[in-house]
Amino acid sequence: PTGLNGTFELAIDLPTSADVDREFERLVQAGARPVYAPRDEPWGMHSSMIADPEGNLIEIGSWNRA
């Protein structure tokens, strides 16, 4: 996507899906740009993605193994 650094991604693994949902909303409210909202992936992970002010991608996800 235009304006994003598509060559690097930081991935953060949280204990539960609820943690992912909360952190995604908190970061978007703080000014992060949403790339995709929290969703259940076919491979079993609950995942979301934001971009920081410099366009770096940050995945926030959980395998629900709290």
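Mentor: Let us begin with the overall charge. The chain carries 5 positive and 11 negative side chains, and 2 Å separates the centres of the two sets. This is a predicted model, and three salt bridges are present in it.

The setting comes next. One helix and four strands make up the chain, in the order β-α-β-β-β from the N terminus. The radius of gyration is 11 Å, close to the 11 Å that the globule rule gives for 66 residues, so the chain is as compact as a globular protein of that length. Along the principal axes, the C-alpha atoms fill a box of roughly 35 × 25 × 15 Å. Of the 66 residues, 33% count as buried. The chain exposes about 4200 Å², and 56% of this area comes from carbon and sulfur atoms.

We may now turn to the helix. Helix H1 covers residues 17–29. Within helix H1, Arg22 and Asp19 are three residues apart and hence separated by about one helical turn; their side chains meet in a salt bridge, with an N to O distance of 2.5 Å. Arg22 has a relative accessibility of 53% and counts as exposed, because the cut-off for that class is over 50%.

Glu23 forms a salt bridge with Arg26, and the closest N and O atoms of this pair are 2.5 Å apart. Glu23 and Arg26 also both lie in helix H1, with a spacing of three residues, or about one turn of the helix. Glu23 is partly exposed at a relative accessible area of 25%, and Arg26 is partly exposed at 48%.

Another salt bridge joins the side chains of Arg39 and Glu41, at 2.8 Å from N to O. Here the two partners fall on either side of a cut-off: Arg39 is partly exposed at 39% relative accessibility, whereas Glu41, with a relative accessible area of 11%, is buried, because buried means under 20%.

Ser17 lies in helix H1 and has a relative accessible area of 17%, which places Ser17 among the buried residues. Leaving aside residues up to four places away in sequence, Ser17 touches His46, Ser62 and Asn64. For the chain in general, 47% of the contacts between residues at least 6 apart in sequence join residues at least 24 apart.

Note on methods: Residues are numbered from 1 along each chain as its sequence is written. This is a predicted model: local features need pLDDT of at least 70, side-chain atom pairs count only at pLDDT 80 or more; totals for chains, interfaces and linings use all residues. Side-chain values use heavy atoms; hydrogens and water are left out. A salt bridge is a side-chain nitrogen of Lys or Arg within 4 Å of a carboxyl oxygen of Asp or Glu. Helices (H or I, at least four residues) and strands (E, at least two) are DSSP runs, numbered from the N terminus. Buried means under 20% relative accessible area, exposed over 50%, partly exposed in between (1.4 Å probe, protein chains only). Contact means heavy atoms within 4.5 Å. The radius of gyration is taken over C-alpha atoms; the globule rule is 2.2 Å times the number of residues to the power 0.38. Accessible areas come from the Shrake-Rupley method with a 1.4 Å probe; for residues, only the protein chains shown count as cover. Lys and Arg count as positive and Asp and Glu as negative; His and the chain ends are not counted. The place of a charge is taken as NZ of Lys, CZ of Arg, CG of Asp or CD of Glu.
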